[in-house]
Amino acid sequence: MTFKARLDSSIIISHLVGDAHKDDVLLAIDQLSRRKAELFFSLVCYAEVWTGIELMDDDERKAQATTSFADIIRVNSLMIVADNVAIAKEAARAQAEYRRRGGRREVLIPDFLIGANAAYFSGRLLTTNPRDFLRSFLNLEVLTPRGFLQKYSA
Amino acid sequence: MKAPSRYVRVHYGDKVVFTDGKRGKRGRDVLAVWRRSQGLWKDHPVFHGMAAKEVIEWLRGEDSDI
């Protein structure tokens, strides 16, 4: 059975900023590639990485960053997937529950769209930043790169 | 940005994948491709010196307030 996972934008951002997760990200990507995993990436996450590219003020660096992002998408056959109505309803359920519990944020929280999208496409989200909002999705396995390696490396 | 005049009608639960039409070289150079861009944003005009957690807070707001 094909192994499926949704990559959070934090995976690519950790890699690009070179933070403490960067080496675990590479190891996890290597492992996912060996498994021939189906990898998904949502439009919200695409927009988050693209925001970083838009913020660059140097044209040459912007072009380099654009090419690198495109290379990552292609080499991993990363599937950029749209939300659909079922995903929108699930994100809305999470947002409504959050407000009933006393949450104060008034706009639809991106994590709810990201969590609902990941639950729908793969049931698994690989992230370097497992935020509390993601706990709203009981059918979603949230893994850091290290957690993934510990659980799934042979 | 000019929007193309083509619409794709799908059902509420359909899975839609976007592609740029170019074929990838899956599996051959995965690590080499990733290694080339590791740390590329170290001198980013806004995100320099930030970990992904801070960048995500910048993009999405703070984590849960309850």
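This is a predicted model: local features need pLDDT of at least 70, side-chain atom pairs count only at pLDDT 80 or more; totals for chains, interfaces and linings use all residues.
## Ground rules

Two residues count as being in contact here if their C-beta atoms, placed from the backbone, lie within 7 Å.

Residues are numbered from 1 along each chain as its sequence is written, and chains are lettered from A and ligands numbered from 1 in the order in which they are written.

## Chain A overall

Chain A has seven helices and five strands, taken as DSSP runs numbered from the N terminus (helices are H or I, at least four residues; strands are E, at least two). Along the sequence they come in the order β-α-α-β-α-α-β-α-α-β-β-α. The radius of gyration, taken over C-alpha atoms, is 16 Å for chain A, close to the 15 Å from the globule rule for 154 residues, so chain A is as compact as a globular protein of that length. That rule is 2.2 Å times the number of residues to the power 0.38.

## Strands and core

Strands pair if DSSP finds at least two bridges between them. S1(A) (residues 4-7) runs parallel to S2(A) (residues 38-42), with three bridges, and Ala5(A) has Leu39(A) as its bridge partner. S1(A) also pairs with S4(A) (residues 124-126), again parallel, over two bridges; there Arg6(A) sits opposite Leu125(A).

Leu39(A) turns up again in the largest nonpolar core, which has 55 residues; Leu39(A) is among those with the most contacts inside it, along with Val17(A), Ala116(A) and Leu126(A). Such a core is a set of buried Ala, Val, Leu, Ile, Met, Phe, Trp, Tyr and Cys residues joined through C-beta atoms within 7 Å, where buried means 20 or more other C-beta atoms within 10 Å of the residue's own, with C-beta atoms placed from the backbone. H6(A) gives the largest share of this core, eight residues.

## Meeting chain B

Across the interface, 49 residues of chain A contact 41 residues of chain B. The chain A side splits into 20 nonpolar, 16 polar and 13 charged residues (Ala, Val, Leu, Ile, Met, Phe, Trp, Tyr, Cys and Pro are nonpolar; Asp, Glu, Lys and Arg charged; the others, Gly among them, polar).

There's strand pairing between the chains too: S3(A) and S1(B) (residues 17-18) run antiparallel, joined by two bridges. Ile80(A) stands opposite Phe18(B).

Definitions and conventions. A residue is buried if 20 or more other C-beta atoms lie within 10 Å of its own, exposed if 12 or fewer, and partly exposed in between; C-beta atoms are placed from the backbone.
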